[in-house]
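User: I've got a model open and I'd like to learn how to read its features. Could you walk me through it?

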Amino acid sequence: MHKLMEKEEKRIDVLKSYAILDSGPEDEFDEITALAAEIADAPIALISFIDEKRQWVKSSFGIEISEIPRENSFCSIAINSIEKPLIINDALNDPRIVNTPYQLNNELVAFYIGIPLFDSNKIALGTLSIVDFKSREISSKDLKSLQTIAKGVMRLLELRKAKENSILELEKINKALDINNPFYLILNSNFEIKAIGKSFIKANPSIAIQKKITEFFNLEFDINAAIESSIAGKSRVLFFSSTNKDQRYKCSISNINNDIIITAQPILNEILPIKNYNITLNDFSQHDSIIEYLFLQQSAQKSLNESRSLMDTVTQRNSELEEQKKQIERNQELLRANLLNTENAKEKYSNIVHATNDLISTIDKNGTILFVNDSWLKKMGYREDEVVGNSIFKHVHPDSQEHCAVFFQDLMSTSPEQLEVNYSLINRHGEKIEIEGTIICKYEQNQFFEGNSFLTDVTEINNLRRIEEEKAKEILKSKEKLETVMDSLKETVWGVRLPDYKSEFISNSAIDLYGIPLERWINNPNTWLEAIHPDDLERVESESASLFSDGFTELEYRIVTPKNEVKWIQTRTKIVKNADGIPYLMTGIAADITKRKKLELELIDYKKGIDSAAIVSITDEKGIIIYANDKFCEISKYSVEELIGQNHNILNSGYHSKEFFQEMWQTISSGNIWKGEVKNKAKDGSEYYVESSIIPFMKEGKAYQYLSIRYDSTEKVLNKLELETQKQFYEFILNNLPADLAVFSPDHKYLFINPAGIKNNEIRNFMIGKDDFDYCQLKGIDTKLAVERRTKFNELIREKKFIEWEDVNILENGAKQNILRKIGPIYDEYGDLKMVIGYGIEITERKTAEENVIKAKKEVEAINSNLKKLVSEETQKNLQLSKSLTENEKMATVGELASGIAHDLNTPLSSIRNGSEAAHFTVNSILQELIWKCTREQLNFAIQRASTDIESSIFTSGLELMRLSKNFSVYLSAKFTNYSEIEIKEISSAFVRARIEINEEELIDQIMNASNSLNFLKLIENIQTYQSFVHSIEISANRALNVVNDLRLNIKNQNSIKSHVNLKENISSVLNVFNFELEEKVKVDIKIADSIVIYGYDIKLFQLWSNIIKNALEAMESNKGEKLLKISASETKDTISVSIKNNGPAIPIENQHKIFEKFYSTKRGLSSSGLGMSIVKNIITDHGAKILLESTDLFTTFTINFKKA
Amino acid sequence: MTDEFKYAVVCVDDDSAILQILNFQLSKIINDDTVLIECFLNPQIALTAIDELFESGLKLIFVIVDFQMPYLNGAELILSIKEKYPQLPCIMLSGQANQTQVDNLKDNNLLTAYLEKPWTESDLKKIIDIQTQGYLSVK
């Protein structure tokens, strides 16, 4: 639940970033709703966005509505439906609609389509919705159109957002970069990752910053060398792959400010286009207001200075006055000393009194004026007679009346000698005269008698004082205001007085910015210079040289704080001049731009990154190139000069249709981003592919510039072509594979079958998507096959491993094929079963071949070991033969013969020798039994019984005999109670050895009733044994004879001379040799004209027929029915054709060509030396004849064609 | 059942005629009711049968094995037998033996005797008599 809320919060954040909510109507959106309504043929269409509480309608068609509460909104449901549009055909009966029916325009909504508006991260912000009041449906074509329109809405939103976004935000740059160049890495000089493109993180979530790049990637290049060549301006395309090797990247490296920027492209991956983000750097709008304050401050300062100069004048004047006052005081002292003394003094006093500027007067205890001097009269504008005798209060200014009354009262009561006073008079013209002075009091009889006032006019001074005070207040106010502003600013505002650079003011933020206390700023004019980063000092000095001539500089440089932090600051400095044009104040503002600078540098890095990875150009609205980067030049082989001013179609390869470019122009001129793969032609005529994104820049609804960002995709396109070829190549291989091959889906349906699996194209195509049950049904065969294969398939699913089994395939001609089948699972990267591959290999042939190899090997080994023995033994036994062999044959031929002879002769000879010995022994026993113990009838019976079944149960295992004997004793002891246990045991054993079975009741009764039971049984046993040995001797003798025949047939008498051989006679002599085998068993049919004569070697022809006939007889041995040997010959003018047929089993077609190889034999044992048919081939060659083999189920036919001489 | 047999002799040859002769000659030479003579056409079946004979408590006196056999030749069979029963005497019978393999057996003292085809009953008797000494009274 928490996660869902988080998701919703994120969604709303994203929505808010578009600043669309509660915005005014916009034509573009209204056009879209109108179009949507028309397409859907519905009365109402809306574009709305869903925030926390409501569905806010951006544009509506067919209804006036601005918002709908979320709980009533169908669109709220639509935005939660993943990717798919929400379609409600009948709202009143739709289970998804739980609320009461919803009304619009007083009608019930019956039909609704909501197509979610997804941003690039698949976050649904709102919907494009269609509403109708009758339940209905929408065609898929119309729905598709609406989805396209919905995408258009989103694009409109993106454009709108981009247009309104003018503030630099790293996020956005990142986003832009990530979309555009999704794979980049920024490393520091230790190759540790500083920044990662988001797509990299997406592709490989384990990537983390501050770790070495090599922890995540296998670099296929030397990074130091790559950086060096990048610094040298030689960029190369480099490759690396993720450590788990699942993705390989193509990359380029650039080095900027000790940072290594790797821009990469996943190989064979889609490149997404750039979004239209208007990226500008921060403007210093705030700064202007600070400058404004500065000037205010400066004007205040100006007034301050003016008032100061005024003050100086006043002060000067004051000191003059002070001087006068002191003089007067000295005079007064003098006066006081001499006042009441001499007339001279009086006169002198009177002169002084009248000469002074001070206002001097004398009043009595009632305040009546007794005397005033000339200055007094002059100041007050009266004549002496107008004043003397009148009250002084008459001349006191109304403002001071009260004050004067008070101090006059004091004067009366406290009796001071003198009193400092300060009040105002009013003169004849009504002017206020402010005075200060001293009243010297005279007392008589402790009563105030007289007071002499010495007063100075301070009106002017007071006026000045007041002005000064006011000014000072004003300045203070202004200064306070400024300081408040300054202190609230992060930027440091400062001023120094010229020409001595004494610090006038500096805001507190200097402490934060520079980390330097204010006192130092004030005391040391060089503080700012000392803070500058040594690397930037020279530049700052040169750039600030023009400050006094221009009156203004703007600098950006680094500073080093006492804590060794490096910060980027921007300073703006201004010179303030006085009215005479002389600079008296330097003021400025310093701002921390470290963050911005970092962004700028990063931006430069990114730009370089894009520039180094992508092909970038800008054209005007007509397609005239106004910018092209190096990559562009590199790939197009034009120089920048050649490109600028040219129309972009200079690169047109002529490959694309006119419509292709029309569509492109239509897209971009209407403000949309176009992307596609374009084949271009370079200057030298070579062609290349680029994945292009063209981004229009719009001004007042019209595109005025196009930015194209492209990636070279030639390799990718070529790869694609190569993949296609490879695919065809592998398909070709699979289709021609001589083994059954099939691919199954996880539910055991055929996905692929090769022609070896199913020959018939129609059936093969039919089987795709079907299973073996369908196959059985199609073929009309039992489902046993399908059940068996399904069992194997299930076993594979269960065991998760290869399953193999042997299978017998019945071919159309009825022949059996042994197939080894294997099926194996293939899993996808999540470990789920993806498919199952099955194949079958025919193993009958392989097994035969293996056996042949082993056999040939053994026989060759045997040749070696038995060669000596053969020579010693066989030369004695068949001197003539061995002589002819040693004389006429090469040693190889001897070897060939030896292999057959050794075993095949020794074995039968063993039997013959020992069998005859055994037979002799047995006959002796029989004779003893016969003479002494048995009757003639018993002998006849024993002989008859033995000859009926010679071959069966020649010998039986001892334990089996025991078991049978035990059964017999049980049977006998039950039936013949008059025998003892030991007798029964003995007689049971005799029964068993005589091979009489327990069910031969009649015979058992007969033997038990005879007086010589044991003897009779022994007789039966012996005669049987005898017969079997005689039989064994017979078989062995035949085998020995066959071997001898082989030897005979192998003689190549080089001395023999060609002669005219009568065919019929020659063949007849061969048949005579085989007489013992042919007799009774085989039906021989000979059709040869007496006249046919072959010019050839008599003996070799004899060998030829012998071998073929022998081969035929062996082939027919297994025949259950009739054995048929047909020999016929026909003659034309030039040829004689002899055909020998037998009705033995067919020779499998794949074995037919092997028949004529040496040591090839289809069966082991008896006389098969594997030589016969190779001899045939040699003889055929000697006679210049040809032999043909045809083998069907009915007959195997050898046809030999002789040319007539 | 086996209480009557104390000993056993095993013959292996893929040729039934030879096996029959061997069976006959061995019963004649040994001529003792306590000796079970078991013959096998298939060497692999023989191998499992030998195990069974041992399990049933019989004392195996020797084994006679033909060299040339399908699936498992005589030399290979003897190697398999000796692996399990190193003390059991093995006699090789052959008309055509791979000398290397036989030599290999001889070199490792795995072969008690070697009887070449064609043999005579007296040839066989000489070998059997030595092997049966101490077990039975040979007649």
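Analyst: Chain A exposes about 66100 Å², and carbon and sulfur atoms supply 52% of that. Accessible areas come from the Shrake-Rupley method with a 1.4 Å probe, and for residues only the protein chains shown count as cover. Chain B exposes about 5900 Å², with 48% supplied by carbon and sulfur atoms. Some bookkeeping: this is a predicted model, where local features need pLDDT of at least 70, side-chain atom pairs count only at pLDDT 80 or more, and totals for chains, interfaces and linings use all residues. Residues are numbered from 1 along each chain as its sequence is written, chains are lettered from A and ligands numbered from 1 in the order in which they are written, and side-chain values use heavy atoms, leaving out hydrogens and water.

User: What percentage of the residues in chain A and in chain B is buried?

Analyst: Buried means under 20% relative accessible area, exposed over 50%, and partly exposed in between (1.4 Å probe, protein chains only). In chain A, 45% of the 1205 residues are buried; in chain B, it's 58% of 139 residues.

User: And how many helices and strands does chain B have?

Analyst: Helices (H or I, at least four residues) and strands (E, at least two) are DSSP runs, numbered from the N terminus. Chain B has 5 helices and 5 strands, running β-α-β-α-β-α-β-α-β-α from the N terminus on. Chain A has 39 helices and 41 strands.

User: Let's zoom in on one helix. Which residues of H22(A) are buried?

Analyst: They are Met664(A), Thr667(A) and Ile668(A). Looking down the axis of H22(A), the buried residues fall within an arc of 85° and so line one face of the helix; the arc is that of the directions from the helix axis to the C-beta atoms. On the other side of H22(A), Lys658(A), Glu659(A) and Gln666(A) are exposed.

User: What do the buried residues of H22(A) pack against?

Analyst: Contact means heavy atoms within 4.5 Å. The buried residues of H22(A) pack against strands S27 (674–681), S28 (687–699) and S29 (702–712) of chain A. After H22(A) comes Gly671(A), with a positive phi near 95°.

User: Where do Arg558(A) and Asp536(A) lie?

Analyst: Their side chains meet in a salt bridge (3.0 Å, N to O). Arg558(A) sits in strand S22 (residues 552–560) and Asp536(A) in helix H17 (residues 534–543), both of chain A, so the pair ties together parts that are 22 residues apart in sequence. Arg558(A) is partly exposed at 22%, whereas Asp536(A) is buried at 4% relative accessibility.

How values were computed: Salt bridge = Lys/Arg side-chain N within 4 Å of Asp/Glu carboxyl O.
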